[in-house]
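Have the structure open as you read.

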Amino acid sequence: LFVSSIMLGAGMIHQSSFSLYSGGFNSNCLIWLGIIPMLAGIIEGKRGVLLWGLLAILTCTSFLLMDILDYPLPDYLSHKGHLFSQALLCFGYIFLSTTLIYIFLVMEEDNKNKLNDKSLKIKNLLRIVLHDISNPLTILNIQLKKIKKSISVLEPNNTTLKLDKTIDNSKFATSTINEIIENVRDMHALEDG
């Protein structure tokens, strides 16, 4: 953060000085102050873009006020110097903005691919987990039905009634888990189209 601030500050001083000695607010180079907040945003994030954007606005406003108040600013550039300055401005700005946008798009695509890979891994894991839970639940349900059937032939007493109630509660729990699994599978199928 410190190194990037030194770099951005040096760029701000350079562009401001060049603008000061080449016509102030009418200088072709003042536009380069617009790149500094963009670079700050890429390097430092939101806080950097806000800070350096405010500093660029204050600098440009200062040059505008000097021009409005007819403050005499030097213009040491010759006609060819202004032409060269304009060429650097046009081609440099195009190159820099193209490069930055390209880098941004490559990073965005890379992040999108990473998210898609993670999403695919999560979907596969979900599919495996649902399958692995579903099979033992089916077996458990079958076993509960067999136990219930075998105790139904016994003479009803306190123990068999408690056991029957426990089996009913267990069957209800496994049915609820099966419903949850089916709901998750349905949601998963809807997301996949």
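What follows covers helix packing, an aromatic pair and one lysine.

First, the ground rules: this is a predicted model, where local features need pLDDT of at least 70, side-chain atom pairs count only at pLDDT 80 or more, and totals for chains, interfaces and linings use all residues. Residues are numbered from 1 along each chain as its sequence is written, and side-chain values use heavy atoms, with hydrogens and water left out.

**Helix packing**

Helices here are DSSP runs (H or I, at least four residues), numbered from the N terminus. Angles run from 0 to 180 degrees between N-to-C directions, and the axes are lines fitted to C-alpha atoms over the stretch in contact.

| Helix pair | Angle | Axis distance |
|---|---|---|
| H1 and H3 | about 15° | 12 Å |
| H2 and H3 | about 160° | 7 Å |

H1 therefore counts as roughly parallel to H3, while H2 and H3 are roughly antiparallel (under 35 degrees is roughly parallel, over 145 roughly antiparallel).

Who meets whom? On the H1 side, the residues include Leu 8, Met 12 and Leu 20, and their H3 partners include Trp 52, Leu 55 and Phe 63 (contact means heavy atoms within 4.5 Å). By class, this contact of H1 with H3 has seven nonpolar, five polar and no charged residues. Here Ala, Val, Leu, Ile, Met, Phe, Trp, Tyr, Cys and Pro count as nonpolar, Asp, Glu, Lys and Arg as charged, and the others, Gly among them, as polar.

Where H2 meets H3, the residues include Ile 36, Pro 37 and Glu 44 from H2, and Lys 46, Val 49 and Trp 52 from H3. That contact of H2 with H3 divides into six nonpolar, three polar and two charged residues.

**The aromatic pair**

Searching the whole structure turns up one aromatic pair. Tyr 21 and Tyr 76 are stacked, 5.9 Å centre to centre with 25° between the planes (rings pair if their centres lie within 6.5 Å, and planes under 30 degrees apart count as stacked). Tyr 21 sits in the loop between H1 and H2 and Tyr 76 in the loop between H3 and H4, so the pair ties together parts 55 residues apart in sequence. Tyr 21 is partly exposed at 44% relative accessibility, whereas Tyr 76 is exposed at 63% (exposed is over 50%, buried under 20%, partly exposed in between, with a 1.4 Å probe and protein chains only).

**Lys 148**

Lys 148 belongs to helix H4 and is partly exposed, at 23% relative accessible area. Setting aside neighbours within four places in sequence, Lys 148 contacts Asp 164, Ile 167 and Asp 168.

Key
Phe/Tyr/Trp six-rings, centres within 6.5 Å; stacked < 30°, edge-to-face > 60°. Helix = DSSP H or I, 4+ residues; strand = E, 2+ residues; numbered from the N terminus. Parallel < 35°, antiparallel > 145°, perpendicular 65-115°, else oblique.
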